[in-house]
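Hi everyone, thanks for coming. Let's have the model up on the screen, and then I'll walk you through a few spots in it.

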Amino acid sequence: MSFDSITTSIDDAVSDFFDPVATAVGDIVFYTVPVAGTDLPLIVAWLAIAGLVFTGWFGLIQARKLKLALEIVRGKYDEDGSPGEVNHFQALTAAVSGTVGLGNIAGVAVAVSIGGAGATFWMILCGLLGMASKFVEVTLGVKYREEHPDGTVSGGPMHYLPKGLAERFGSGGAKLGKVLAVLASVFILFFGLFGGNLFQTNQSYAQISSTFGGDDDGFMASSAGAVLFGLVVAVLVGLVLLGGIRSIANVTSRLVPAMAIMYVLACLTVILVNVTAVPDAIASVIDGAFDPEGVAGGVIGALIVGFQRAAFSNEAGIGSAPIAHSAVKTKHPASEGLVALLEPFIDTVVICTMTALTIVIANPASWGEARQGESIGGVTITSDAFATVLPWFPHLLTVAVLLFAFSTILTWGYYGLKAWTYLFGRSRTSETLFKSVWSLFVVAGALLSLDSLISLADSALFLLAVVNIIGLYLLAPVVKRELNSFLEFVRSRKDGESADTGPGTDEPETAKAL
């Protein structure tokens with residue numbers, strides 16, 4: 001029996017066993033209700049409503065405090081001796097690396113194929129609302145993080161749910177928080193292994209084998225090529241994970257900006273070459289948002305598709321990002337919450353929107369075919385859009401896909417480790433076991449698709465959103481207090497700077513005499 005037939009048999013066996021489970025759970029998690037001729041997944045409404053509620057609760061904080069957030073990232077309000085492991089910029093890039101990935105490249109293409117150009121407008125709106133949700137969950141992540149004797153920290157919903165609810169509601173809140181924390185850890189670990197690891201490796205290998213593997217007889221298209229690819233990625237991931245969040249942040253703080261700049265520049269190149277088409281493209285986005293043609297459900301259909309893509313892309317309200325942000329060096333939890341609201345802006349408002357505009361403006365033939373119902377992969381549509389101006393860019397896009405996938409595996413490896421140690425204890429043996437299992441899943445991902453388990457992992461991720469947002473609503477008053485405390489610190493810092501630079505301040509008596 002050949003190696004290919006063995007892996008195919010494993011895939012089939014796993015699918016036969018888990019397909020009914022994945023279908024049943026998916027039907028519950030992604031339950032839809034008919035709205036204006038289309039179907040609305042309730043989980044998307046759950047995430048979008050949370051963003052809307054927190055936007056109102058905190059007075060449109062994503063607009064009012066955007067400048068302050070940028071100042072914090074630049075280190076303007078850093079304090080010496082703050083607990084934590086990484087600076088604000090590194091924490092931001094580590095978290096962004098977990099959300100920016102194949103969804104920004106392929107998922108957006110699918111969105112504008114199903115919902116038309118108008119889906120872009122609703123995607124931007126949902127991304128803006130998600131900024132408020134991200135602020136709330138990350139502030140809580142830092143507020144209730146656990147600081148270890150060796151200087152490392154652990155944070156996330158498995159920490160702020162039990163601690164925060166116990167603090168606010170006593171023993172009853174502690175019991176509820178403990179249950180929610182265990183569920184959150186299980187969901188994070190399950191999605192991490194299959195969605196944040198195996199799926200990323202599988203899709204990146206498929207992309208590299210199709211681009212550089214040649215025909216079916218090429219080395220990269222063979223089982224040996226798959227194993228080699230998986231081993232190389234596993235070794236690289238293992239080496240970075242051994243260094244903890246500091247090592248991950250050092251990699252992502254260089255990788256994420258470089259990837260984002262390269263990708264956005266490529267989008268701008270396509271847009272500028274077709275600059276005369278820009279006004280019509282923008283008009284089609286706005287018109288399509290409120291008067292779409294050929295979209296099931298009309299306006300509501302375009303809205304649902306746009307919201308779904310944004311919610312699935314930036315993970316605002318899911319509870320995963322606070323794990324990375326909790327490692328930041330700060331004495332003020334709300335400072336990192338403000339930094340975190342930049343994450344959906346980067347992921348959805350900038351990168352997803354640039355992808356959508358590139359496709360709408362380039363208008364490749366594959367997009368038109370997809371709009372007519374043809375089954376065409378999202379990566380193919382995006383790649384074809386770039387190829388209209390940059391014929392060589394599909395190869396560079398493959399590299400981008402690999403780097404996006406690699407950074408996602410790293411960040412979700414850290415998330416998974418924190419969930420694992422919450423469930424099984426924080427010992428050297430426990431951590432080594434997890435890192436070994438994580439690396440084995442990287443190799444397996446190059447060989448196995450395990451579609452049913454990936455579907456089950458998607459369900460687990462959005463079950464996490466249900467658990468997490470319940471906690472966010474209950475703990476929002478804590479976030480309000482933390483925000484006011486930090487803003488008071490900012491005002492005192494600014495008053496101090498004004499006093500230091502005012503006329504005659506710190507001026508020696510001899511100088512005054514002169």
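Glutamate 71 touches Lys76 and Tyr77, leaving aside residues up to four places away in sequence; contact here means heavy atoms within 4.5 Å. With tyrosine 77 there is a side-chain to side-chain polar contact at 3.4 Å, that is, a pair of N or O atoms within 3.5 Å, where one must be able to donate a hydrogen and the other to accept it, and residues adjacent in sequence count only if both atoms are side-chain atoms. Glutamate 71 sits in helix α4, helices being DSSP runs of H or I with at least four residues, numbered from the N terminus. Is glutamate 71 buried or exposed? It is buried, at 8% relative accessible area; buried means under 20%, exposed over 50%, and partly exposed in between, with a 1.4 Å probe and protein chains only.

A quick word on ground rules. This is a predicted model, where local features need pLDDT of at least 70 and side-chain atom pairs count only at pLDDT 80 or more, while totals for chains, interfaces and linings use all residues. Residues are numbered from 1 along each chain as its sequence is written, and side-chain values use heavy atoms, with hydrogens and water left out.

Next, asparagine 87, in the loop between α4 (66-73) and α5 (88-99). Asparagine 87 is partly exposed, at 33%. Its side chain reaches the backbone nitrogen of glutamine 90 at 2.7 Å, and a polar atom of that side chain lies 3.1 Å from the backbone nitrogen of phenylalanine 89. The C-alpha atoms of asparagine 87 and threonine 330 are 8.2 Å apart, though 243 residues separate them along the chain.

Technical notes:
Helices (H or I, at least four residues) and strands (E, at least two) are DSSP runs, numbered from the N terminus.
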